[in-house]
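This briefing covers strand pairing and aromatic contacts in one protein model. The notes below are grouped by topic.

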Amino acid sequence: MSILVRFTGAPSLTAEKYDETQTQIEASGEFPPDGLELHVAFSSGGNFRVSEIWDSKEQFEAFGPRLMPILSENGIELEGPPEIIEIHNVIRR
């Protein structure tokens with residue numbers, strides 16, 4: 001079952017900090033991970049956010065131990081745990 005994962009960054013997370021960190025994640029050879037279908041980064045309501053579509057919760061959870069140390073090293077904090085929602089349907093053009 002595909003899932004939607006929504007992350008909300010702490011107010012200190014900026015687009016510039018995201019870009020720096022994303023470059024490091026990609027350079028690590030860990031991105032894109034197996035099961036990640038779509039990654040979208042944006043600002044909304046004064047917070048930087050990331051939404052992702054994953055093929056399964058298990059694949060998302062398997063990426064966490066590789067991702068979290070990189071976020072921690074770069075001082076990126078989240079406002080709580082990500083929201084995880086089962087996807088009913090995805091329509092593409």
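**Hairpin and aromatic cluster**

Strands β2 and β3 form a hairpin with two residues between them, and glycine 45 in the turn has a positive phi of about 60 degrees. The model is predicted. Its aromatic pairs number five, and one aromatic cluster is formed by Phe7, Phe31, Trp54, Phe60 and Phe63.

**Strand pairing**

- β2 covers residues 36-44 and β3 residues 47-54; the two pair in the antiparallel sense over eight bridges.
- Leucine 36 has tryptophan 54 in β3 as its bridge partner.
- Trp54 is also a member of the aromatic cluster.

**Aromatic pair Phe7 and Phe60**

- The rings of phenylalanine 7 and phenylalanine 60 form a tilted pair, at 6.1 Å centre to centre and with 55 degrees between the planes.
- Phenylalanine 7 lies in strand β1 (residues 3-8) and phenylalanine 60 in helix α2 (residues 57-73), so this pair ties together parts that are 53 residues apart in sequence.
- Both phenylalanine 7 and phenylalanine 60 are buried.

**Aromatic pair Phe31 and Phe63**

- The pair of phenylalanine 31 and phenylalanine 63 is tilted, because the ring centres are 6.4 Å apart and the planes stand at 50 degrees.
- Phenylalanine 31 lies in the loop between α1 (15-27) and β2, and phenylalanine 63 in helix α2, so the pair ties together parts that are 32 residues apart in sequence.
- Phenylalanine 31 has a relative accessible area of 18% and is therefore buried, as buried means under 20%.
- Phenylalanine 63 also counts as buried, with 4% relative accessibility.

Key:
Residues are numbered from 1 along each chain as its sequence is written. This is a predicted model: local features need pLDDT of at least 70, side-chain atom pairs count only at pLDDT 80 or more; totals for chains, interfaces and linings use all residues. Side-chain values use heavy atoms; hydrogens and water are left out. Two strands pair if DSSP finds at least two bridges between them. Helices (H or I, at least four residues) and strands (E, at least two) are DSSP runs, numbered from the N terminus. Rings of Phe, Tyr and Trp (its six-membered ring) pair if their centres lie within 6.5 Å; planes under 30 degrees apart count as stacked, over 60 as edge-to-face and the rest as tilted. Buried means under 20% relative accessible area, exposed over 50%, partly exposed in between (1.4 Å probe, protein chains only).
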